[in-house]
Structures are given as structure tokens and as C-alpha cells.
Amino acid sequence: MILLFLQRLRQSALDPLQEIRWTPELFGILLVYFVQGAVGLARLATSFYLKDNLGLGPTQAAALMGLAVIPWTVKPLYGLLSDTLPLAGYRRRPYLLLAGLLGCGAWLGMALGAPTAELALLWMVLASLAVAVGDVIVDSLVVERVQGSDWAGTGTLQSLTWGATALGSLLTAYAGGALLAHYPPQVVFGLTALLPMLIALAAWVIEDQPVASALGWDPLQQQVARVWQALRQPSVFLPLLFVFVWQATPSADVALFYFVTNDLGFGPEFLGQVRLVTSVASLVGVGIFQVYLRHIPLRPLFGWMTVISAGLGLTSLILVYHLNRAWGLDDHWFSLGDSLVLTVAGQIAFMPVLVLAARLCPPGIEATFFALLMSAFNLAGFLSQELGSLLMHALGVTESNFSHLGLLLVITNLSTLLPLPLLGWLPAERITPSPAELEAEAQASLQSFLQGAEAAARREAIPLGETDITYS
């Protein structure tokens, strides 16, 4: 079975990669995506720093994590600036350079000066801003290069870029927990500060044609008008609404982190092992999508993945009520297996969104429009954290009281099923239309696209013990 999967993966993913033009620029783009995954080195350190060094409870930590998402909710602004306001005559390269320098400075700030929750939030927001700006720029570069490609080719490039992110997460997953077991979080933050400098280096290999400097607000107004014209179409704003509803349901991931660390006694090194397993699982999810699911219509794919993800999320109740112990399963082993399955399912549900988003961006406003599509998910993620924080407070879930954690998990997982009646907004098309059909269907497809795609996947992919402040 495994040999057959590897063979089909080679045919469906590795063989198409041979048709990709491997240039220094492509390696630079992949390096930026790699860094987006690698900055996960500080994720556990951030969670433990908020919990132990600053003494925040789960409600406060969840609220803080939600606020750190804010830079990701205004991604269209970065796209507008990049598309219409070149710096030193270039639209992409200077923004990547600034993102790398800002990220380095923010993590150094966490390492050297975050004695209060307010200062920690400031550095977290700036670190999030740096990754968000870099993400917008490389997303626009990818979109520019897939315009005119067939559907399968677009999916291959998207799988490659997100595979690079997963690889970065994989190579730093265990290291974050292992370092935290022997050193304070500030040391991990200092090491993380080195990673954004790779983004600054990648900027120099980007093929960025010089353009005339745009002065005044006219270019921005024209860009906003083009985006607004597209958003006025029901085929655009209805899917955006679907994504918003889907991902805005409350999240319990911060409460689970406090449970596994304070109640089950999981240490940072083991949680690093969990991150390693889930990083591998993310790559497996990319492979499964590329081999088996790339040609399945989006509507049934998203529908089934939503139901499956909600069901799998409820398996955490087994750990909360210690049922696994009665079955002879150690807490650690059960957590590893549960996180692995959740991550595979989440990554599978996430991939089709990226393919659709890249295919449907209007030429000339690639960075702006792609960022707008992703911002719908990120804004919903912000509300998800804040609603989760309010729900924890209402149920009395604290750093030492987990009596209602089971109820919290039931509410948060079942709430993800609420948008299912709106699945009709997703396209019923096959995934490999001809180029002519694809162009004709593009306007209607966007209506269906935003529905729920990337959102549910990313939340369900959050493993136990990890609070992620990096979004898409």
C-alpha cells in the first residue's frame, strides 16, 4: 500500500515538478515559504512564555493570540501597497527586504524586552506583520507565474510552495521543544530572529522589473476601484461570507494547551515531538491531495472533510476524560496519534483553496486580490480565538479548572458544521477543466471558492499543545 502510494506520488507530484523551470528566483520564493514554516521554532516558546513567564490564564492567552492575528486580517493593504506603490522603483523586492528586517527586530524584541503582556503583544504583532507582508509578496509572485497555467499545473506549484512551508516546520518542529526543555524562551526567540534574515536574502534573487514610481493616491484609488468592482459581484462576496462563518466558530486550542501542560504534565520536549509528528503529517496531507484528491470536485471534498474534521476533533474528549487510560493507551501516545490524524485531514482540506485562489486572481491586482481572499480566513481566525476566549470564560475554564473542557470541545467542534447548508456555493465542476472552460467558469467559481475552504482545515490541524500565531 505504501509502495503504491509512493509510486503514484512520484507520478502525480514529482514528475510534474520536472516541467517546472527551476530558477534562482523560484528557490528564493520557496525559501520565503520555508521560513514561514521555520519560524514555528518559537511557537511553543511563545505559548510557554505567556503561560509561565507572564502568568496569563487560558482566557487571556487566547485573547492575546487572537490580537496577534490582526496583521493578517488587513493583507489586502499590503497587496495594494506592493501593486501600486513601488519602493526604489520595485514592487516586490524592497517589501521582502523590509519584511525580513522587521521580523528579525520583532523576535529580538521578544528575546530582550517583553516583561509585560502589553510589550509581548507588541512584538508578537510586529512578528506577525513581518510574516504577513512576506507572505503577500511571495503569494503574488506565485500567482503571477501560474496565470495561464492549466489547473493541474497550478495545483502542482501550490503543493510545492506549501510543501516548502511544511518542510520548514518539519525541520524546526522538535528543535523548538528540545531547546525549551534546556533554555528559557528568550533563547529560542533570539535564535528565531535569525530566520527572517533569510527572507531579506531571498529578496535579492527575485526577478522584479523596475517600474515608474507612483506618486499620489490615484493609483491606489484605481486599484481599490477594481477590487471593489469584483467584490460587488455575488460570485465573490457570498463565498467570502461562507469562509467567514466557517472559520469564525470558536476555537479551544489554547484551552487544550493549558490542559495538556498543567493537567497531563506534558513538557516542552514532548510537545516538540508532537510538532514534529504533525509537520510530517502535513507533508503527508499534501501528498495525499496531490495523488488522490486533486481531481475530486470541491463541493463533496469540502463537505466530507468538514464532517470528518469535526468528528475527529471530538476524539480529544477521550483524552480529556482519560478514557484512553482505561483502554491501556498512554496519554502521550494517544496525543501523538490524535494530532497526526487531525493534521492530515486539515492539510487535505486546505490545499484546494490555494489552487482556486491562485487561479481566480484578476491580472494586474494579483497581490491585492489573493490577499483579500486569504484575509477572509484570517479575520475569521481572529474572531475564532476571541470567541473561544469568551466561551472559556463563560464555562469557567481556567489554568487549573478543566471540569467543563469537554463541553467546550463539543461546542467548538460541532459549531464547524453550521456552514454545511451553504456548500451549494462551491463549484460542482471537475478539477481539471480545459483552459477555455476554466476561463468561462472563473467568474462563477470564485463565488464558490471562498466558502469554506482554507479555514476549517487550518484550525483543525492545530495539534495539542501548540498555539500558532502564523496564518495565511
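How much accessible surface does the protein chain have, and what share of it belongs to carbon and sulfur atoms? In this predicted model, the accessible surface of the protein chain comes to about 18000 Å², and 68% of that area belongs to carbon and sulfur atoms. Of the 472 residues in the chain, 60% are buried. The secondary structure consists of 23 helices and zero strands, and, among contacts between residues at least 6 apart in sequence, 87% join residues that are at least 24 apart.

**Confidence**

The mean pLDDT of the protein chain is 76, with 73% of the residues scoring at least 70. Confidence is highest in helix 10 (residues 185-192), at a mean of 95, and lowest in helix 23 (residues 453-460), at a mean of 32. The pLDDT is below 50 over residues 148-155, a stretch that has 19 contacts in the model beyond near neighbours in sequence. It is likewise below 50 over residues 431-471, where 150 such contacts occur. Where pLDDT is low, the predicted coordinates should not be read in detail.

Helix 3 (residues 43-53) is largely enclosed by the rest of the structure, because nine of its eleven residues are buried. The buried residues of helix 3 are R43, L44, A45, T46, S47, F48, Y49, L50 and K51. One of these, F48, also belongs to a cluster in which ring pairs link it with F257 and Y258. Just after helix 3, G55 takes a positive phi of about 70 degrees. Helix 6 (residues 75-84) is mostly covered as well, with eight of its ten residues buried; among them are K75, P76, Y78 and G79.

**Charged side chains**

| D52 | K51 | 2.9 Å |

Side chains of opposite charge can pair when their charged atoms come close. In the salt bridge between D52 and K51, D52 is partly exposed at a relative accessible area of 46%, whereas K51 counts as buried at 12%. Another charged group lies against an aromatic ring: the charged end of R93 sits over the ring of Y90, 5.1 Å from its centre.

**Aromatic pairs**

The count of aromatic pairs comes to six.

**A positive phi in a loop**

Which residue other than glycine has a positive phi near 60 degrees? The residue is H322, found in the loop between helix 17 (316-320) and helix 18 (323-326). Most residues other than glycine have a negative phi. H322 is partly exposed, with a relative accessible area of 26%.

Key. Residues are numbered from 1 along each chain as its sequence is written. This is a predicted model: local features need pLDDT of at least 70, side-chain atom pairs count only at pLDDT 80 or more; totals for chains, interfaces and linings use all residues. Side-chain values use heavy atoms; hydrogens and water are left out. Rings of Phe, Tyr and Trp (its six-membered ring) pair if their centres lie within 6.5 Å; planes under 30 degrees apart count as stacked, over 60 as edge-to-face and the rest as tilted. A charge sits over a ring if NZ of Lys or CZ of Arg is within 6 Å of the ring centre and within 35 degrees of the ring normal. pLDDT is the predictor's confidence in each residue, from 0 to 100. Helices (H or I, at least four residues) and strands (E, at least two) are DSSP runs, numbered from the N terminus. Contact means heavy atoms within 4.5 Å. Buried means under 20% relative accessible area, exposed over 50%, partly exposed in between (1.4 Å probe, protein chains only). Accessible areas come from the Shrake-Rupley method with a 1.4 Å probe; for residues, only the protein chains shown count as cover. A salt bridge is a side-chain nitrogen of Lys or Arg within 4 Å of a carboxyl oxygen of Asp or Glu.
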